[in-house]
Amino acid sequence: MTVRRIGRRIVGIAAIVLIAGIAAAAVATRNLRSGKTGGPLQTVSAPADVVARGKYLAAAADCAACHTAPGGAPFAGGLAMASGFGTIYATNITPDPDDGIGRWSAEDFCRALHDGIRRDGRQLYPAMPYTSYRGMTRSDADAIYAYVMQLLPMKVANRSTELNFPFNIRLGMLGWNALFLHDRLPAVSAGSPPAWERGRYLVNVLGHCGECHTPRGIAGEMELSRALTGFALSRVAAPDITPAGLASRGWTGGGLRAYLGRGLARQGSTFGDMHPVIMLSTRNLTAEDLDAVAIYLLGDDPPPPAPLPATDATESAAASAAGRMSYVDCAPAATASTATACRTRWSRCATTARCGLPIRAT
């Protein structure tokens, strides 16, 4: 009896796997058949206020930092993003008809943001943070599309991904998405709308902060049960930015607003991968949105911040004088090409203290 029961269970599991495989193949076939390789060049005539809003939202979504290679044209792609599975290169999202998204419709663009599917029907890898952008409103996606379609087209060919087998098989993303793609990411604090909800949208969706600050599982998925608790994704570890984690390092709402708006705070100065995030994204946010981000990260009832260590005035002044020129060289980097060129330099400063600044992990 027990053997028969086990046998039936095995047959049931096999049937489920078979059905899932057939369904996955059907979805893949539908996507590829609906894929477009030609088509007309898209012309977008959006009102000026929509394009301006799209420019702001593209900054809030930090598009330039990832879609610009060091020394390359803004939004023209080419940035190498290393992972434990291989290297993925950011794509050209200027409106070039052949190498960029000049033939993409607003629907194609939204599908990539929400579902991780390219115009040709192939799956995107989650280095493009559709796992966070999935929560973006359609009106915001359309505004960003209207903005990027006004950019100067750049004829810069996209580089192929260099992923190891079997991760280079894009169809495998169907199963990955079935397991790990969620409509809404968990909140890390408690609060009430509207400011708290706006902050949640800015942090979890547009800013996709969890993509770096959330631990990753064995399949590269965000471990949402530990959202924003920190992760060593690159050379410089992304710290814990939950309310408790921030309070343990002395962060207050005012300190967060200053840091995100200027890249400077009592805890130290921005460096490494966070530098272009500040320069190209958060420093462009309105005061109201910076307030909302701080409110969400700390919650309506923030935990008391730990006291910051006292600093020696003489030592601090000397370090500031020695590092001032190094900092201001990068601080005006308002364009994608100059800010990404500073990324490596500030990573080196952070690890060797050669810039003369009293840098601390933030």
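Predicted model: local features only at pLDDT ≥ 70, side-chain atom pairs only at ≥ 80, totals over all residues.
Contact is taken to mean that heavy atoms lie within 4.5 Å.

The protein has 15 helices and five strands. Of its 362 residues, 44% are buried.

Two packed helices are described by the angle between their axes and the distance between the axes. For helix H8 (195-206) and helix H13 (287-298), the axes come within 7 Å and cross at roughly 90°. H8 is therefore roughly perpendicular to H13. On the side of H8, the residues that meet H13 are Ala195, Trp196, Arg198, Gly199, Arg200, Leu202, Val203 and Asn204. Their partners in H13 are Asp289, Ala292, Val293, Ile295, Tyr296 and Leu297. Sorted by class, the contact of H8 with H13 has nine nonpolar, two polar and three charged residues.

H8 is mostly covered, with nine of its twelve residues buried. The buried residues in H8 are Trp196, Gly199, Arg200, Tyr201, Leu202, Val203, Asn204, Val205 and Leu206. These buried residues pack against H2, helix H5 (130-133), H6 and H13. Just after H8, His208 takes a positive phi of about 40°.

H13 also packs with helix H11 (residues 253-262), at an angle of about 130° and with the axes 9 Å apart. H11 is therefore oblique to H13. The crossing in which H11 passes H13 is right-handed. From H11, Gly253, Leu256, Arg257, Leu260 and Gly261 take part in the contact, and they meet Leu290, Asp291, Val293, Ala294, Leu297 and Leu298 in H13. By class, the contact of H11 with H13 has seven nonpolar, two polar and two charged residues. Val293 and Leu297 of H13 are listed in the contact with H8, and Val293 and Leu297 are also listed in the contact with H11.

The next helix to be considered is H6, which spans residues 138-148. Eight of the eleven residues of H6 are buried, so H6 is largely enclosed by the rest of the structure. The buried residues in H6 are Asp140, Ala141, Ala143, Ile144, Tyr145, Ala146, Tyr147 and Val148. What covers them includes helix H2 (48-60), H4 and H8. H6 and H2 are likewise among the elements against which the buried residues of H8 pack.

The packing of H4 (106-115) with H6 has an angle of about 120° between the axes, which lie 9 Å apart. H4 and H6 are therefore oblique to each other. H4 passes H6 in a right-handed crossing. The contact is made by Ala106, Glu107, Phe109, Cys110 and Leu113 of H4, together with Arg138, Ala141, Asp142, Ile144, Tyr145 and Val148 of H6. By class, the contact of H4 with H6 has eight nonpolar, no polar and three charged residues.

Within H4, Phe109 may be considered individually. The relative accessible area of Phe109 is 10%; residues under 20% count as buried, and Phe109 is therefore buried. Leaving aside residues up to four places away in sequence, Phe109 touches Ile101, Trp104, Ala141, Ile144, Tyr145 and Val148. Ala141, Ile144, Tyr145 and Val148 are H6 residues in the contact with H4, and these four residues are also listed as buried. Phe109 and Arg119 are ten residues apart in sequence, and their C-alpha atoms are 7.7 Å apart in space.

Asp99 is found in the loop between strand S2 (86-89) and H4. With a relative accessible area of 17%, Asp99 is buried. Not counting residues up to four places away in sequence, Asp99 touches Asn92, Lys155, Val156, Ala157 and Asn158.

Definitions and conventions:
Residues numbered from 1 in each chain as written. Heavy atoms only, no water. Helix = DSSP H or I, 4+ residues; strand = E, 2+ residues; numbered from the N terminus. Buried < 20%, exposed > 50% of the residue type's maximum accessible area, 1.4 Å probe, protein only. Axes fitted to C-alpha atoms, helices over the stretch in contact; angles between N-to-C directions. Parallel < 35°, antiparallel > 145°, perpendicular 65-115°, else oblique. Left-handed = near helix turned anticlockwise from the far one by under 90°. Nonpolar A, V, L, I, M, F, W, Y, C, P; charged D, E, K, R; others polar.
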